[in-house]
Amino acid sequence: MTIKDVAREAGVSIKTVSRVLNKERYVGEATRVRVEAAVAALKFRPSVAARTLGGKRSFQIALVCDNPSPHYVYEMQSGIRDRCEPDGVRMIAQPYDRGSERLLDDLEGLIDATAIDGLILTPPITDRAAVLDLLARRSVRFVRVSPGAQLPDSSSVFIDNRGASRVITDHLLRLGHRRIGLVAGHPDYATSVQRAQGYRDALAAAGVAHDPALEVRGDYDFASGARAGAALLALAEPPTAIFACSDDMAAGVLAAAHGLGLSLPRDCSVAGFGDDALAGYVWPPLTTIRQPTRSLAWNAADLLLTASEQPEYRECAFELIVRASTAPLSR
């Protein structure tokens, strides 16, 4: 089937069909419905190449992602696909190494090779000034996911990381814990700073003195969580609860505690952040903050595809999920 068949079936011009397929304005609603019905009836699949030749769009957007959590990457890709599919837009997944000296060259290569309509930037590249300058210079549209600060010329999607960390630390405080360890994320991520600050906010509000010895840096992966958990539990006065700023790191803390023969959560409560798939599979199942990663991704893609004249900032809601890994203080 071709666009000519769709036009004949709908009783409109080829140009009108093209406008409907490209989501252009100035098409009456009744006409749009008739064309969409013809597309469905004929099972017509527009050629991306043909659409590209007919206009300035490539009908492709790219996700630029460097994250040690496979669940996060999967949810990001799924959310973007959910939004792109109805518009016939393809997603390109572009992994990168935040420490690579070729990062800017690789991004320029992606832009030149694909003529993408826009980019979705995830942490920590979402805050990399050199990357933002490159995209502005090349006039490439982009949306930032979970940035450290909003910019007046770019859209973003985010959750209140600081508020979410305060909520989960408050949960531990309400259970009677006062020595609460923190496994922070890598400092390259603005979310690491935000989550650590929320933890300190909760302690201050409860009148609990902040002890720097109870903060250990992780790297958002299982191995660093296990190392951090072991270090915290080896203190002369170990914490009675540990909040890790990702579920992967929290799983590492659980592993370290099990290795020491501790009974969880009686000897130590453990909480995470993200509500990744593993949160319900580890033992005990993790109390955590549910980060709506798929919703963040969907909204990021929507901001790119709707092409608003002004930057938009969309906040998605988080949720505290209480499971068996946290319990009232037993000593």
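## Close-up views of helices and sheets

**View 1. Helices α10 and α11 pass each other in a right-handed crossing.** A crossing is right-handed if the near helix is turned clockwise from the far one by less than a right angle, and left-handed if anticlockwise. This is a predicted model, in which local features need pLDDT of at least 70 and side-chain atom pairs count only at pLDDT 80 or more, while totals for chains, interfaces and linings use all residues. Residues are numbered from 1 along each chain as its sequence is written, and side-chain values use heavy atoms, leaving out hydrogens and water. Helices (H or I, at least four residues) and strands (E, at least two) are DSSP runs, numbered from the N terminus. The axes of α10 and α11 come within 6 Å and cross at roughly 50°, which makes α10 oblique to α11. Axes are lines fitted to C-alpha atoms, for helices over the stretch in contact, and angles run from 0 to 180 degrees between N-to-C directions. Angles under 35 degrees count as roughly parallel, over 145 as roughly antiparallel, 65 to 115 as roughly perpendicular and the rest as oblique.

**View 2. Here are the residues where α10 meets α11.** Contact means heavy atoms within 4.5 Å. On the α10 side, look for Phe-222, Ser-224, Gly-225, Ala-226, Gly-229, Ala-230 and Leu-233. Their partners in α11 include Asp-248, Met-249, Gly-252 and Val-253. By class, this contact of α10 with α11 has ten nonpolar, four polar and one charged residues. Ala, Val, Leu, Ile, Met, Phe, Trp, Tyr, Cys and Pro count as nonpolar, Asp, Glu, Lys and Arg as charged, and the others, Gly among them, as polar.

**View 3. Four strands make an open sheet in the order β7-β6-β8-β9, with parallel pairing.** The edge strands, β7 (215-217) and β9 (269-271), each pair on one side only, and the twist averages 15° from one strand to the next. Two strands pair if DSSP finds at least two bridges between them. Strand β8 (residues 241-244) pairs with β9 over three bridges in the parallel sense, and Ile-242 stands opposite Val-270 in β9. Helix α11 (residues 247-259) packs on this sheet, touching β6, β8 and β9, and its direction makes about 160° with that of β9. Helix α10 (residues 222-233) lies across β6 (180-184), β7 and β8, running at about 155° to β6.

**View 4. Six strands form another open sheet, in the order β2-β1-β3-β4-β5-β11, with parallel pairing.** Its edge strands are β2 (90-95) and β11 (313-315), each pairing on one side only. Neighbouring strands are turned by 20° against each other on average, direction ignored. Helix α5 (residues 70-84) lies across β1 (60-65), β2, β3 and β4, at about 165° to β1. Helix α7 (residues 129-137) lies across β3 and β4, at about 165° to β3.

**View 5. Strand β4 is covered on both faces.** Phe-142 and Arg-144 on one side and Val-143 and Val-145 on the other are all buried, where buried means under 20% relative accessible area, exposed over 50% and partly exposed in between (1.4 Å probe, protein chains only). In a regular strand the side chains alternate between the two faces of the sheet. Three bridges join β3 (residues 118-121) to β4 (residues 142-145), and the two strands run parallel. Leu-121 stands opposite Arg-144 in β4.
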